[in-house]
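Here is a friendly walk through the model, meant to be read with the structure open beside you. Have a look at the fold before reading on.

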Amino acid sequence: MSLSPRARIHLDHITANWRTIAACTPGSEPGAVVKANAYGHGAGRVARALRDAGCRTFFVAYVEEGLALREAVGADPDIFVFNGAGRDDRAAVGAARLVPVINSLPALSEWLAGEEQAPYAVHIDTGMNRLGIRPDDVPALVEAARRAPPVHVMSHLVDSDQPDHPLNARQCEQFARLSAPFEGARKSLANTGGCYLGGAYGMDVTRPGIGLYGGGPVPPAHVTLLPGMTLEAPILTVQHVQAGEAAGYGAEWTFDTPRRLATVALGYGDGFPRSASNRGYASLGGHRCPIVGRVSMDLITIDVTTAGPLAKPGAFAQFIGPEVPLEDQAKRAGTVGYELVTGLGHRVRRIYE
Ligand SMILES: *Cc1c(COP(=O)(O)O)cnc(C)c1O
C-alpha cells in the first residue's frame, strides 16, 4: 500500500460539468480552459476526455502548455494561448497549429511582420487593465489588422463572480461594440462566472475553467457541479492524547479533553497550504476531522475522535472532494479553489477514474 497522498481525478465529473455549464449558454460553442495542467487535474487526460465528449476548442496560458496539449489531443481541436507567443516560439507555434492571443499593438506588429501569416487571436481589455489592447487603441488595431484579420477576438470579465455587479453588463456591451469590426472573427467573453450570466455573455465560444473542476463562484440554483478530484491522504499513525497536551510545531493547539489524533501524509510540500493550519479539515467516512496544529511539509494531524474505527493506519482521509467542497477548504486556508488545486505538487499521485 502506498503511503503518499493521492488525487482521484473524476474525468466523468469534469465532462458532466462541461455539459452542465454549456447548457447555461445555449447557442454558444463551449470551449474548455485547461491551463496550469487543467487546474492541477492533468491537462492531457482531462483534455482527451473533453475532446471525446465533443469539445473542439481549448485554452491554455503558455506556449509550452499548448505544445504538450497538441500532443495529447491530436491535430483537430483548436488551441489558443492566452499569453501569446514570443518571437522564438513562432516556428513551434506554427508547427503545432497553436493560435496565440495577441495582447498589445507592439506584439501585433511583431506577429504580422513574420514571413508566414499564421492565424492569431486578439484580446481587447475592457476593464481588467491587465492584458489586452486598450479600448482607445482599437481603431489602430482595426487598421493594423486589415491585411490579416484575427480569427478570434476575446475579452475577460472582471467581476463575473458577482452576478449583480454593473461592470458585467458594461463590459459585455463594450466588448460587443469594440469587436464588431472584426466580422470574420469568433468572439468569446465568458469564463465560468460569465457562463452563469448566460444570454449575451455566451457569444460564439465560451471559456469556462474552474467550474469544470467543480469550483469557482456559486452557481445559479439550477446548476449542480460535481467535484473534479478527490484529494486523499493516508493515515500513518493514530494516537490518544490527554487534556493539556498539544499537537505539532509551536504547540499552538492545546487539548482541553482527551482526544484521538491521526497523522496523515500530506503537507505544504504537496501544495496543501500551511495557512490551513488549525482551520481546515478532513473527512473520514463523513465524520469531520479538524486539522489540529500546524500543517507541516509532509504531515498533517487531524482530530479523529468522532470517527471511531474508521480512523486506522492505511485509511484515507479526504481533504477535497464530495465531503469537503473545494471552495470551503480553500476559504478556510484564506485562499480560493483556483490556488488550492493548481498548487498541488508532483508528490500527489493523480489516479484517473
Ligand atoms: C483562466 C481564464 C479563463 C477561465 O476562467 P475561470 O474563472 O477559471 O472559468 C477564461 N479566460 C481567460 C482569459 C483566463 O485567463
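In which helix is the place of Lys35? Lys35 sits in helix H2, residues 35-39; helices (H or I, at least four residues) and strands (E, at least two) are DSSP runs, numbered from the N terminus.

A word on the ground rules. This is a predicted model, in which local features need pLDDT of at least 70 and side-chain atom pairs count only at pLDDT 80 or more, while totals for chains, interfaces and linings use all residues. Residues are numbered from 1 along each chain as its sequence is written, and side-chain values use heavy atoms, with hydrogens and water left out.

**Annotated sites**

The unreviewed entry places the feature "binding site" at Arg130 and Met297. They span 168 residues in sequence and their farthest two C-alpha atoms are 33.9 Å apart, so they do not all gather at one spot. UniProt positions are given in the numbering used here, feature names are shortened, and annotations may be inferred rather than shown by experiment. As for Arg130, its place is the loop between strand E7 (121-123) and helix H7 (138-144).

The protein divides into domain 1 (31-213) and domain 2 (229-352), with bounds from an automatic or database domain assignment. Their centres, taken over C-alpha atoms, are 38 Å apart. The table describes what lies between them.

| Domain 1 with domain 2 | Value |
|---|---|
| Buried area (accessible area, 1.4 Å probe, lost on being put together, summed over both) | about 800 Å², 65% on carbon and sulfur atoms |
| Salt bridges (side-chain nitrogen of Lys or Arg within 4 Å of a carboxyl oxygen of Asp or Glu) | 0 |

**Salt bridges**

By the same rule, the count comes to 13 salt bridges. One of them joins the side chains of Asp78 and Arg97 (3.6 Å, N to O). This pair links distant parts of the chain, 19 residues apart: Asp78 is in strand E5 (residues 78-81), and Arg97 is in the loop between helix H5 (90-95) and strand E6 (98-102).

Methods:
Buried area = accessible area lost by both parts, 1.4 Å probe.
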